[in-house]
Every structure is written in structure tokens, then in C-alpha cells.
Amino acid sequence: MYYVYSHNDLDGVSCGILAKYAFGDEVEVRYNSIGSLNIQVEKYLNRVPVQGNPDDLLLITDLSVNSDIEKRMDLHVRNGGRAYLIDHHKTALHFNDYEWAQVHVQHHDGKLASATSLLYEYLIHHQHLEPNAALDQYVEWVRLYDTWEWEIHNETQAKRLNDLFYMISLDDFESRMIERLKSSDSFSFDEFEEKILDMEEDKIERYIRRKRRELIQTFIGEECVGIVYAESYHSELASELGGSNPHLDYIAILNMGGRKMSLRTIHDHIDVSAIAMRYGGGGHAKASGCTMGEEVYRLFAAEPFELDPLPMDAMKNQFNIKGSANGALYEAGGDATLFLFRCPSGDWAAEWNGERLPFQFPSFEDAERHIKRQYGAWLARDEAYVSLLSDHLKRSRNRGLAPDHDEEKIIEEP
Ligand SMILES: [Mn+2]
């Protein structure tokens, strides 16, 4: 008998789907959250004496066990038991010290690995299944989704597969996929799935628009963080918020009910798995998470709670345009204004409430990044820009036509 213990996300469940495709009734599959795997494996090790079932094989995919269970699994294998762990998380690389584990972040061809793509290779290699076009396609979509490569290549089908996974029940998804893979030469969604996916996309768009107005910006440690409370659509939310706020180092999504925090970044200079590890979590460089302990609650929830959400950049401007040679007007908290403009040298400089700030940047983007991080600034609407220009005009006209009354007074004073 085969036993597959896997993660309960698309990548993990797709390992179960491949296992059922390959082993049919010969496999028992269980899906676990990160926290429940250890208990599951412990139960397995307690329940199955090696001598009684020498052919049993325990496959753990997309997850890894804690160090206690790690030692017990090693003992199980030393005693002749069969167990194998397949994972692609960087945080599990130390399992490669065991011959009963393979943890690869990348495939041999350099492509980022998912647990499903690694298991697919494993099953082909051990001749448990024959590769075909439908399986290739399915596994590739899962891999693209799980490694975030779908965003780079804009492979929306991969994202839609993940959407579908969360829209229907796990059992329904599993049986639909297995049946599709067994019966078609290529993999695609059916009409019903396409329809509900379209409806879901509209719903997500509205949800994200609402959440965008709740984004809070603050510094935690060295990093400038965008914080938002959300229970669903974490990846869509993070890619939208991260993409439209490239000045933020990463996005932290708090799920208060679940007492969990997800961290996402679009930047190569930030490794959110390292940040999650500070709080006892882990994951990938671009997507990670941790549970919400006391410290996480204080830093990410309690202390930033009094901050106002970050207003969005004005979007429909015709005059106050980013990077414009005439300069661009920003606003910040406390009715402050920031004006970004190009110096004769070509560098970009800023005025804060009309006073020149002591920095210059080689590009508009660098200057904007600075004022967004340090001042929490947002692009002002045309109305504010036009009124600033007309004030300037009025003042310069006054200077030209008549002496300034205030200046006269100062001169008159003895
Ligand atoms: Mn995975």
C-alpha cells in the first residue's frame, strides 16, 4: 500500500492527484496543513510496524516534518521501512542529508520546481506512470502557479487552475482532475468551469479594489511594509498591491481569525522567507508565512493600528503626471505637499511644503520611491496641482507688479 501525505494547497493536492492517477486503489492520500503533518506522520509510524507491512511506502510531498519526526522517520527507514520525502522548499534543504529525501528548489534544467513537478519526475522514473500531453500540461500549470512563474509569463490558465481549486470542494476538484487526465489527450477546463472562473474573476477584482483602500504603510525593522487585513485571495491581493506600490519592500497580509500572516514580495532584493523565519515561519523568497504570535501581533497589528490607510495615487490626472518635466505634486499626511521636479543638472529633487529637501536622485522613480517610503506620499489630484500652479502664478505676478506688503513692513521696522 502507498500512503501519500501532502500539503492541502494546489501543489500538495496535485501530488495526491498524480498518486491516485498512478496507484489507483493502492494509495491512501491525506492532505495536511503545515501544522498537522507531524501528528499524521507520527500516527503512521506508531500504527505501521515495519515487519508487518514491508511493502508499505510513505510518501511525504510538499511539506516537511519537524526534527523529532525527522529522527523517527530515519529510524523507520534504518529498520527497513520505506519512506520518501519530496519537497521544493528552501527551508527543507537539510533533508537532503538523508537518502530517503529529495528536496530540490530547481529541476535539472534550471526551472523552479514544485512538489507536483518533482513527484511527476519521480513517478515516471520509477515507472509508476507514463508521461503524456495532458499530464505534462496539468503539472506545468501547477508548477507555474506554485513557483509564481505564472506572473512573469502571464500564464493566467495556471492561476485559473488555482482559482478553481479553491472554488469547488477538494474531493470534487480531485475527482474532476483525475477523470479529465485519464480521459483526454490534452488538459483544459470544461464549459462549467470556465463560467464560474469568469464570475470569480469579477468578484476578486471588486474585493481587491476595496482592500486597496485599507492598505497601511509602515517600517518594521529595515523594511517598508504594506499591511492589509484579508482572509482570502492572498496572492491576487499581494500581486496587485505589490505591483501598484513598488516602493514597498513587501506586503503582509493578516488573517486575524486564522492567526496567520502571509508575506509576499515582488522584489529580488527582499527574501520574505528570511523575514518569516524571524517569527518562526518559512516559505519561499517571494511568498512566505508564519503564525501570529505575540511579537507578530504587536509589530504588524497593534502598533500600526493607529495609522491611517495609505491613499491611492490619483489615477485620472491629465496635468499632474508622474515624471512630467513640469514636476509632479504629491500629498502626505498632515496636509503636507511634496513637489518633485527636475533640476537643470537632470537630477530629481523635492520640495516639502515649498522648502527644498536636501536630496537629489538620478531618476524620477528613485525620487518617488524615496518620498513614498519616507513621507508616505501619494500623487495629488489635478485640482490640487492646478491650485498650486495658480498660487505660484499669483505670487510671481504680485512680485512683478508691486512690492510685497509683508516685505515692506519688515523693512520699515527699526
Ligand atoms: Mn508547493
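Two strands pair if DSSP finds at least two bridges between them. Strands (E, at least two residues) and helices (H or I, at least four) are DSSP runs, numbered from the N terminus. The structure described here is a predicted model, in which local features need pLDDT of at least 70, side-chain atom pairs count only at pLDDT 80 or more, and totals for chains, interfaces and linings use all residues. Residues are numbered from 1 along each chain as its sequence is written.

The protein chain is divided into domain 1 (2-189), domain 2 (215-306) and domain 3 (328-400). These bounds come from an automatic or database domain assignment. The centres of domain 2 and domain 3, taken over C-alpha atoms, are separated by 30 Å.

Strand 3 (residues 57-61) and strand 4 (residues 82-87) run parallel and are joined by five bridges. Within this pair, Ile60 has Leu85 of strand 4 as its bridge partner.

Helix pairs come next. Two packed helices are described by the angle between their axes and the distance between the axes. Angles under 35 degrees count as roughly parallel, over 145 as roughly antiparallel, 65 to 115 as roughly perpendicular and the rest as oblique. A crossing is left-handed if the near helix is turned anticlockwise from the far one by less than a right angle, and right-handed if clockwise.

The axes of helix 2 and helix 3 (residues 67-78) come within 10 Å and cross at roughly 30°. Helix 2 and helix 3 are therefore roughly parallel to each other. Their crossing is left-handed. Asn38, Val41, Glu42 and Leu45 of helix 2 meet Ile69, Arg72, Met73 and His76 of helix 3.

Helix 1 (residues 10-23) and helix 5 (residues 133-146) have axes that come within 9 Å and cross at roughly 160°. The two helices are therefore roughly antiparallel to each other. Helix 1 passes helix 5 in a left-handed crossing. Leu10, Asp11 and Ser14 of helix 1 make the contact with Val142, Tyr145 and Asp146 of helix 5.

Helix 1 also packs with helix 4 (residues 115-125), at an angle of about 20° and with the axes 8 Å apart. That makes helix 1 roughly parallel to helix 4. This crossing is right-handed. On helix 1, the residues involved are Asp11, Gly12, Ser14, Cys15, Leu18 and Ala22. They meet Ala115, Thr116, Leu119, Tyr120 and Leu123 in helix 4.

In domain 2 (215-306), strand 6 (residues 216-220) and strand 7 (residues 223-229) pair in the antiparallel sense over five bridges. Gln217 stands opposite Gly226 in strand 7. The two strands form a hairpin with two residues between them, and Gly221 in the turn has a positive phi of about 65°. Strand 7 is also joined by five bridges to strand 8 (residues 250-255), and these two run parallel. Here Val228 stands opposite Ile253 in strand 8. Strand 7, helix 10 (residues 234-244) and strand 8 make a right-handed β-α-β unit. A crossover is right-handed if, with the strands pointing away from the viewer, the path from the first strand over the helix to the second runs clockwise.

Another open sheet has five strands in the order 15-14-13-12-16, with antiparallel pairing. Its edge strands are strand 15 (355-361) and strand 16 (378-379), and each pairs on one side only. Strand 14 (residues 348-352) and strand 15 pair in the antiparallel sense over four bridges. Ala349 stands opposite Gln360 in strand 15. Helix 13 (residues 364-375) packs on this sheet, touching strand 12 (328-332), strand 13 (336-342), strand 14 and strand 15. The direction of helix 13 makes about 165° with that of strand 13.

Definitions and conventions
Axes are lines fitted to C-alpha atoms, for helices over the stretch in contact, and angles run from 0 to 180 degrees between N-to-C directions. Two residues are in contact if their C-beta atoms, placed from the backbone, lie within 7 Å.
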